[in-house]
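Colleague: Can you walk me through this model? I'd like to go over salt bridges, helix packing and the core.

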2 protein chains.
Amino acid sequence: MMGETADTDIIEHHVDEEMEKKRIRSHGSFMESVTESEEGHGTQSSHRLLAYSDALISIIATVMILPVAHTKVQDNEELKESLQVLLSTKIAVYLMTFIIVTVAWAAHVRLFQVIERIDDCLALLNLACMMLITFLPYTFSLMATFPDNILGILLFCACDMVLGLFQVLIVLYGFRNPFLLNEQIQVSENQVFYKHHILKVIMRVPIMCLFASIFSFIFFPLSYVILAIIIFLPYMSQTFKWCRSKAIGRVEESPDSMLFYTYHLNEPLSKERLEAFSDGVFAIVATLLILDICEDNVPDPAVVQKQYGGSLVAALQGYGPEYLAYFGSFVTVGLLWFVHHSLFLYVIKATRFMGLLNTFSLAFIGGLPLAYQLTHEFPRNSRNELEAIQISCVIIFFAGIFQLAIWLAALFFERETLHPYVRYGGREHSFMLAKLALYPCVALGTFFLTCFLSKFSASIFHLMEITVPFAFILLRLLVRGGVALLRLIFCPNRPQPRSFLEEEEEARMPFNTVVT
Amino acid sequence: MMGETADTDIIEHHVDEEMEKKRIRSHGSFMESVTESEEGHGTQSSHRLLAYSDALISIIATVMILPVAHTKVQDNEELKESLQVLLSTKIAVYLMTFIIVTVAWAAHVRLFQVIERIDDCLALLNLACMMLITFLPYTFSLMATFPDNILGILLFCACDMVLGLFQVLIVLYGFRNPFLLNEQIQVSENQVFYKHHILKVIMRVPIMCLFASIFSFIFFPLSYVILAIIIFLPYMSQTFKWCRSKAIGRVEESPDSMLFYTYHLNEPLSKERLEAFSDGVFAIVATLLILDICEDNVPDPAVVQKQYGGSLVAALQGYGPEYLAYFGSFVTVGLLWFVHHSLFLYVIKATRFMGLLNTFSLAFIGGLPLAYQLTHEFPRNSRNELEAIQISCVIIFFAGIFQLAIWLAALFFERETLHPYVRYGGREHSFMLAKLALYPCVALGTFFLTCFLSKFSASIFHLMEITVPFAFILLRLLVRGGVALLRLIFCPNRPQPRSFLEEEEEARMPFNTVVT
């Protein structure tokens, strides 16, 4: 009894200490989040505003997958041509929306890398921007449904122009209150130069949109060309510059090439926001199927009474494939998130090119639930089922391959972008490779197996779904075993355990040198 | 020309400096995010895992509003009784799901306040937990649709039991690898005591669920009672304890009352996760209507050709009310987010009671888009339109009132929970009050105005929608004016500008003393 009281004392003492520590810590972080500006208004850290914007934009980016997912495919008929046309139109709309919303997101990231603190006025302006961005997918689906009508393109251009206007307002407001700006610009003597450069880059889009909307009255296909130019011109010009610099040797840097608002492939991209945006997309995609299940797959009590003699279990068995599809897609999306999370844990700095690859990966992941749903909707061993399974494999393969590509792109500039552990020769290098390569390899394997053993395609696919999570759990062991095996084959003379320790020691070295 | 080159040099120099700084900073934060444990495995900061979990759970919490929103209400008929019963059932399911998922979220927060670092194994276990949580709403809608069938309750209990099992696994894994634990527990000599206490609290739920599932075979209404007890018992026992302590004077603290896993109303709740969860709910709710618009409100080309003579604009005019509803709900949800954001900027420590009030506020916000949709769906001046508008006002009122209540609850323990600026007499106190009171006041005003001037209810409502954003922009001016006016009325003798400065000076004092 005595001992217990003493224990409690210790605990309570610790509690007090901890609470004191926490209070100090949160005060510290608070001091960062609200500071007193010279003019007496409170400015705020933009962290939460950006997190909310990322959540909104990631929902909007994936929304156009819903019309694709809800296209009804009949059970017992082959995929008709008309249906295929309809589906491919909708998929095209989804992909275009995804890319355009991601471009808008990238512009937003760029803007708030310049303006690092906010106040109430900026928060409200940002909400107005968000509302315009959420409206973009709708204009896009109008364009796709009525390709000959100029209303869709006019609405799109109008949204873009107003969006540009709000961004200009935000920039002007930021430069009028310099304490809101990025430190680097704040201390710079060239604030006016920065301001003009940023405004010039931002104004490019609304001006092009103005031209596009004017041309839409004269010869509307030209408007589509202009819109395509808006998106791809910066990248094309960058590629062109890069090619020229490789061809004719090193060219001098133009005054344009600053840290902000260039379209350099290794211009830094906020890693935090890249993660937040990806998390949003992963979360929406993982729950897409359960949203449908909750809404549509509760049987009608009258039907259960009449058709199944009141047996709910029998009635629910009809929905079996939907549940399977849900679990399959949740697990796959969850594990792809896990791979993404593991990779970005070791990324120090994200670049625009990595962001681009990430976008492609996410665009494929958005199609996953749909593909999984299709795999379970057709009768066993039909040509459609085989096709659906193979499409799923292809989607998983590309989603995984682009994640692998992010790492490879990071390895290209590894000194700047990666933690020493996952660089060439780092101690987690082979483990990371295995993690990133697991899904592409499995998907490729499943694809070819289903080609040869088309009769067992469904069983192979289900087996894949079940084994992959366990493969991830056992991956570290598998990699260790694999590395040991390779070593045994290629250099059997060196004693096993020592070489392991040695390797770890070697890998640890550069890490220490970086830290100290 | 010379000057330009020099400028560029300066810029580039700054760029280099900044990049160096960034690299160091990100290395610093990286050192926090991956550390080397004694046993050689890399442990990771749980930040992103928790952000992803928050996103998933917030989607799931709001999902059951979709069946409510998609209940078709006919244009020209009065709300029939049967429809009202159906609607109220669905609303009840939504509210119950929201509460239960929030309880699961709170348990998750509690768990990861103990386990502060993760590794791959914990990340995968957490994904399994998430999958079980996403399945809860479906079991709940089964329960509501088939109240006499025990399948729903059995599925629910099964989910809960497996969830509890995974949580136990996570705790056991955490205590086997103490470097994953909260610092306070890590250094504590009572690890075993903590472990047993935490396991005891976690095991309570699955054991009760086991009883509930056994009783469901015997007398199923009892199972519902048990489930209700699981949720409310901790709060009831806390309230009872509190009442007793007030009635018979101060009782000694029981050994149970530690920082973790008590149900004290002022047990700390991670502020970061509260914000992340709220952001997720706000983001989903704000985009609910645009999701529907993108999917359903693109007219069929054939219909446009036939009915509207090819005029797309005429065809889209029919959807006018939907667009209005979307803009109205986006703006209202956005501004409520803005108020929430402003409030939590000044919250230093969140407590469980504030979390509870926040949940109620969010539950009302979830119903907002639906209410807005209804306001525009009925013919002008019908009884239904009036009802819908008044329901919207009531929802806005309660959403706002609960936000205000969060602040009032925080003021109750202001030394611990609030920044000095917004405490009694702080310089932002009246401004915060105005921000939080704006929506409830406007909603209440609109409600009573529509009672008296029922003929103009729609116009009043639209006017409210349009003026509120401007009111927020001008709020600071309005508050200054109001305070000056009050001062002029009650103490006209003191000179105006000086008293202002004085007040600011006074308000600044406690802030400085806290900081230094």
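Colleague: Is A:Glu275 buried or exposed?

Modeller: A:Glu275 is buried, at a relative accessible area of 13%. Buried means under 20% relative accessible area, exposed over 50%, and partly exposed in between (1.4 Å probe, protein chains only). Before we go on, this is a predicted model: local features need pLDDT of at least 70, side-chain atom pairs count only at pLDDT 80 or more, and totals for chains, interfaces and linings use all residues. Residues are numbered from 1 along each chain as its sequence is written, chains are lettered from A and ligands numbered from 1 in the order in which they are written, and side-chain values use heavy atoms, with hydrogens and water left out.

Colleague: Which side chain does A:Glu275 meet in a salt bridge?

Modeller: A:Lys271, at 3.7 Å from N to O. A salt bridge here is a side-chain nitrogen of Lys or Arg within 4 Å of a carboxyl oxygen of Asp or Glu. Both residues sit in helix 10 (residues 271-296) of chain A, four residues apart, about one turn of the helix. Helices (H or I, at least four residues) and strands (E, at least two) are DSSP runs, numbered from the N terminus.

Colleague: And why does A:Lys271 count as partly exposed?

Modeller: Because its relative accessibility is 21%.

Colleague: How many salt bridges over all chains?

Modeller: Twelve by this rule. One of them links B:Asp279 and A:Arg48, with the closest N and O atoms 2.9 Å apart. That pair crosses between chains, from helix 10 (residues 271-296) of chain B to helix 2 (residues 47-62) of chain A. Both B:Asp279 and A:Arg48 are buried.

Colleague: What about A:Asp120 and B:Lys435?

Modeller: Their side chains form a salt bridge too, 2.8 Å from N to O. A:Asp120 is in helix 5 (residues 120-145) of chain A and B:Lys435 is in helix 17 (residues 429-452) of chain B, so the pair joins two chains. A:Asp120 is buried at 16% relative accessible area. B:Lys435 is buried at 5%.

Colleague: Back to helix 2 of chain A. At what angle does it pack with helix 10 of chain B?

Modeller: About 35 degrees, with the axes 9 Å apart. Axes are lines fitted to C-alpha atoms, for helices over the stretch in contact, and angles run from 0 to 180 degrees between N-to-C directions.

Colleague: Which residues make the contact?

Modeller: From helix 2 of chain A, they include A:Arg48, A:Tyr52 and A:Ile59. From helix 10 of chain B, they include B:Glu275, B:Asp279 and B:Phe282. Contact means heavy atoms within 4.5 Å.

Colleague: Now the core. Which residues touch the most other members of the largest nonpolar core?

Modeller: A:Tyr52, A:Trp407, A:Phe472, B:Tyr52, B:Tyr138, B:Trp407 and B:Phe472, out of 289 residues. Such a core is a set of buried Ala, Val, Leu, Ile, Met, Phe, Trp, Tyr and Cys residues joined through side-chain atoms within 4.5 Å.

Colleague: What is B:Tyr52 in contact with?

Modeller: Leaving aside neighbours within four places in sequence, its contacts include A:Asp279, A:Phe282, A:Trp337 and B:Leu127.

Colleague: New topic: where is B:Ser213?

Modeller: In helix 8 (residues 191-218) of chain B. B:Ser213 is buried, at 9% relative accessible area. Not counting residues up to four places away in sequence, B:Ser213 touches B:Leu154, B:Cys157 and B:Met161.

Colleague: Last one: how many helices and strands in chain A?

Modeller: 20 helices and five strands. Of the 516 residues of chain A, 53% count as buried.
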